[in-house]
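I am keeping short notes on a protein model. I want to look up its sheet, its core and its ring pairs.

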Amino acid sequence: MYKDFIFDIDGTLIDTKYAHMASLQKLVWEEQQRHVSLETCFAAFGYTDKAALESVNIPFNENSLEHWNRLYDEYQVDCKIFHGLEAIIGELKSSGCRLGIVTSRGKYEIKPLCDQYPVLKYFDCIITADDTAQHKPMPEPILKYLEKSGALRTSSVYIGDMNCDFLCAANAGIPFAFAGWGRCECLEAIGGIMLNKPEDLLALAYGASNL
């Protein structure tokens, strides 16, 4: 049974895959007047910004990153919390669980997200890429969360959808739960607890053994 639920954002709480990849596709067209398929762009979901841009032969620099961010903002307005997750998060909060976020997003992105997705008000502690020198899959983001929130390893679980999320949790010494509802087609969980639907989170809180 866990009391501290730590979530990734993209692909775990919010369905952002299409926004990331459609904006990447549009970036390639606007920068180089070259078409790449969404399938090619989907294959880069979960990469670092540098790796994603280089995977479609766009040089990684300040201008290309700013251009991509502007295009992404056009698509993000249509991104939604995964179906059924908002109610489960509310139930976890009501039951006394502590909720937090560890994300690779920057601090400047958090307030607009909270304005767009009111459910984020339930999260007591948010660690962004600006809070640590090292990032996922290194353990520092989760260790920073544990330090800042006062949560214990033994009561904490990290929920994510990417292998780098699993490795971050493993390296920090806490259990990992794989958010199957946000899974990329190109990846499979390499360890941890498999969650097929948001309701499975309740089993982690209440100690059910059917996962």
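The entries below go from the sheet to the core and then to the rings.

**Basis.** I am working with a predicted model, in which local features need pLDDT of at least 70, side-chain atom pairs count only at pLDDT 80 or more, and totals for chains, interfaces and linings use all residues. Residues are numbered from 1 along each chain as its sequence is written, and side-chain values use heavy atoms, with hydrogens and water left out.

**Sheet.** I looked up the strand order first. An open sheet is formed by 6 strands in the order β5-β4-β1-β6-β7-β8, with parallel pairing. Helices (H or I, at least four residues) and strands (E, at least two) are DSSP runs, numbered from the N terminus. Two strands pair if DSSP finds at least two bridges between them. The edge strands, each pairing on one side only, are β5 (125-127) and β8 (193-195). Between β1 (residues 4-7) and β4 (residues 98-102) I find 4 bridges. In this pairing, Ile6 is opposite Gly100 in β4.

**Core.** Which residues touch the most other members of the largest nonpolar core? They are Phe5, Leu13, Leu92, Ile159 and Leu201, out of 35 residues. A nonpolar core is a set of buried Ala, Val, Leu, Ile, Met, Phe, Trp, Tyr and Cys residues joined through side-chain atoms within 4.5 Å. Buried means under 20% relative accessible area, exposed over 50%, and partly exposed in between (1.4 Å probe, protein chains only). I then listed contacts (heavy atoms within 4.5 Å). Leaving out residues up to four places away in sequence, Leu92 touches Phe5, Cys97, Leu99, Leu201, Leu202 and Ala205.

**Rings.** I count 5 aromatic pairs. Rings of Phe, Tyr and Trp (its six-membered ring) pair if their centres lie within 6.5 Å; planes under 30 degrees apart count as stacked, over 60 as edge-to-face and the rest as tilted. Phe7 and Phe123 are edge-to-face, at 5.7 Å centre to centre and 90° between the planes. Phe7 is in strand β1 and Phe123 in the loop between α6 and β5, so this pair ties together parts 116 residues apart in sequence. Phe7 is buried at 0% relative accessibility, and Phe123 is buried at 7%.

The ring centres of Tyr158 and Phe176 are 6.5 Å apart and the planes are at 55°, so I note this pair as tilted. Tyr158 belongs to strand β6 and Phe176 to strand β7, 18 residues apart. Ring pairs link Tyr158, Phe166, Phe176 and Phe178 into a cluster.
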